[in-house]
Amino acid sequence: MKKLFVMACAALMTQVGVAQERGVLGQANTPNVALKSINLGDCKWTEGFWADKFEVAETNMVPYMGEVLTGDVGHALNNFKIAAGMKEGKHQGMHWHDGDFYKWIEAAMYVYAQNGDKTLLEEIDGYIKIIGEAQEDDGYIQTQVQLRSNVDRYENRKYHEMYNTGHLLTSACIHHRVTGQSNFLDIAVKHADFLYKTFNTDNPRYGRFGFNQTQIMGLVEMYRTTGNKNYLDLAERFINNRGKYEVEETPETQGYPIGDMVQERVALRDADEAVGHAVLALYYYAGAADVASETGEQALVDALDRLWDNVTNKKMYVTGAVGQAHYGASTNRDKIEEGFIDAYMMPNMTAYNETCANVCNSMFSYRMLGLHGESKYADIMELVLYNSGLSGISLEGKDYFYSNPLRMVHGSRDYSKHNTETPVREPYLECFCCPPNIVRTIAKSANWAYSLSKDGLAVNLYGSNRLETKLQDGSTIILNQVTNYPWEGTVNITVEKAKKQAFDVMLRIPKWAVGSSVKVNNEAVDVKVVEGEFATINRKWKKGDIITLDMPMEVQLVEANPLIEEARNQVAVKRGPIVYCVETPDLPKGTKILDVYFKGGAPLKVNYDKDLLGGVATVEAPILIRKDQTKEDMYSTVDVPKFDESSIQLVPYFTWNNRGKAEMTVFMPVIWNNL
Ligand SMILES: [Zn+2]
């Protein structure tokens, strides 16, 4: 069987021939995408912002997280050892802990794809062996169920079996693509075949099991890796199951909200509003985008277009974060947790914004970028990466936020009542889904930097890097990108190798980059440069050609749609892709964040400080500090307030809370200078 499988894989590879068979999404043969993933490891950050972040991922994030998860505190490996009969003990951690361990393995594989560290691979292969031994003969593997004698397989969807399955399948595909080995993939094949046997049925008992549905993305990657169409069919079945069954409490659903919370109230093809748990929703949409890219079904693509538009234009924060509330209700009046509430209802202080949800927003957008080839999707990926993604982890790479609000006020909330919201980052979260999610995203970021189009390639993200890959026709392309982005707006890309025939280089012009210019070899080129679109240069490239993109990096003040009551008469400060915040270490001693007003209309100065927060550009801004201290009454009369004027530095939002416990705000009430 194994031999047959290897032969099938080899046949698939031969058929593919050239590029993308080892992409972060395995889109080599995917028919309905405009932009395809480059092969893992083909792009490497060389210096600057993302090279620094990747280095922290390589030296701190992945090793430290590995120590935690394979040790007694994290207990993830222990769970597999106990299930394998190698150790005594009980399951510890959340029901989705297996999935979080697979996510960490995936992160480690992205690091290995960049550095080829054999020691890391040997370590991971050791863990894979244990996972294999924990797997049951029929392919089932879920330690949270196996280690509980009073729980049956697929007894209740709260046990997150689908979530763990999805991460197993995805992680195994990445491991296979990076290493060429099949030790992890064999486990995944056995498991996916078991899943197919169990769930490829019209029995309603299994119809509502797609809960936290990473299995859809995982199954599509398994289809792409092995060519077995059963996996794609099953992925599509999980899409089709939603909205098909009566939404009612059953023994399988008890313990978790039903309906919109888990995407089962409305069939996806009829949906026009993002609802429910933000992570559950966005993993589902991302999986549906993968399915649509294989099947080409227009109704599915249309629904995803509506949902992406609803998420990013009605329910997303200026940081790219999503999931406004810890508890609430959908517009269909289903109870929801950790998710979307009404359009334009955007609280700052109590914003939930789970790191996973923000990461999922970028994953969904990456898939939409593939489907449509439009740069607006990469704008969202970038927004998340620089802001609400990175805010989930400390600069050192060892402490994590689960929740990413836009304002922190001491004493405003009783954190003892919240299990996931914390005033400072924590070194270990009992619910450990977010840490490996942001770490795998940072570790794979170079693979998102470029995509391959039919006629060339697209530059999605900027950052100094070297790209050596093959275009879709099999020709080699080598590019060297040099830039101090995001602190400066000039990007130089040197062509080191290219085919003789003309091809496209598509440069993303971010929506905020009004007035950008593009030159080749220091001469203007006849190309449409429009913010919010790709600028496509088609020419015969030759070695030594230098493409220069200049993006103006003026500080911009951002105001919210007037329907967002929580941000009325407030502004946020943004420069390039970076959202800024005010943090108490930068305020006169004793100043409360709620007394800070922004003085609009005054000049703003940018300073680069290499010694601050790992090296950041700060924005020097005049502020007004209200002197009549905020009263404790719910309502009180007010006279004309008095203000002190001060000049302070604003720091990037993602760096907040790296200088101890602090208050912080992104949006500030504004007093316009010229009034
Ligand atoms: Zn999470």
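Biologist: Which residues line the second largest cavity?

Modeller: In this predicted model, the lining of that cavity is made by Lys53, Val56, Met61, Leu390, Ile393, Ser394, Leu395 and Phe654. The volume of the second largest cavity is about 50 Å³.

Biologist: Happy with that! What about the largest cavity: how much space lies in it?

Modeller: About 150 Å³. Of the 16 residues that line the largest cavity, Glu106, Thr170, Met363, Arg367 and Lys444 are the closest to its centre. Elements giving two or more residues to this lining are α4 (97-115), α7, α9 (214-226), α13 (355-372) and α15 (434-448). By class, the lining has 8 nonpolar, 3 polar and 5 charged residues.

Biologist: Helix α7 also holds Arg177. Why is Arg177 called buried?

Modeller: Buried means under 20% relative accessible area. Arg177 has 5%, so it is buried.

Biologist: What makes the link between the side chains of Arg177 and Glu221 a polar contact?

Modeller: The cut-off for a pair of N or O atoms is 3.5 Å, and the side chains of Arg177 and Glu221 make their polar contact at 2.6 Å. That value is within the cut-off, so the pair qualifies. Leaving aside neighbours within four places in sequence, Arg177 is also in contact with other residues, including Arg22, Leu40 and Thr225.

Biologist: Now to the loop between α6 (143-146) and α7, the place of Lys158. Why is Lys158 called partly exposed?

Modeller: Its relative accessible area is 26%. Buried would need under 20% and exposed over 50%, so Lys158 falls in between. With neighbours within four places in sequence left aside, Lys158 is in contact with His95, Phe211, Gln254 and Tyr256.

Biologist: One more, please: where does Thr618 lie, and why is Thr618 called buried?

Modeller: Thr618 lies in strand β22 (residues 616-626). The relative accessible area of Thr618 is 2%, under the 20% limit, so this residue is buried. Beyond its neighbours within four places in sequence, Thr618 is in contact with several residues, among them Tyr580, Lys605, Leu612 and Val651.

Technical notes: Residues are numbered from 1 along each chain as its sequence is written. This is a predicted model: local features need pLDDT of at least 70, side-chain atom pairs count only at pLDDT 80 or more; totals for chains, interfaces and linings use all residues. Side-chain values use heavy atoms; hydrogens and water are left out. Helices (H or I, at least four residues) and strands (E, at least two) are DSSP runs, numbered from the N terminus. Buried means under 20% relative accessible area, exposed over 50%, partly exposed in between (1.4 Å probe, protein chains only). Contact means heavy atoms within 4.5 Å. A polar contact is a pair of N or O atoms within 3.5 Å; within protein, one must be able to donate a hydrogen and the other to accept it, and residues adjacent in sequence count only if both atoms are side-chain atoms. On a 1 Å grid over the protein atoms alone, a cavity is a set of points where a 1.4 Å probe fits but cannot get out, and a pocket is an open set with protein on both sides within 12 Å along at least five of seven lines; lining residues have an atom within 4 Å of a point. Grid points are joined across faces, edges and corners, and a volume is the space filled by probe spheres set on the points. Ala, Val, Leu, Ile, Met, Phe, Trp, Tyr, Cys and Pro count as nonpolar, Asp, Glu, Lys and Arg as charged, and the others, Gly among them, as polar.
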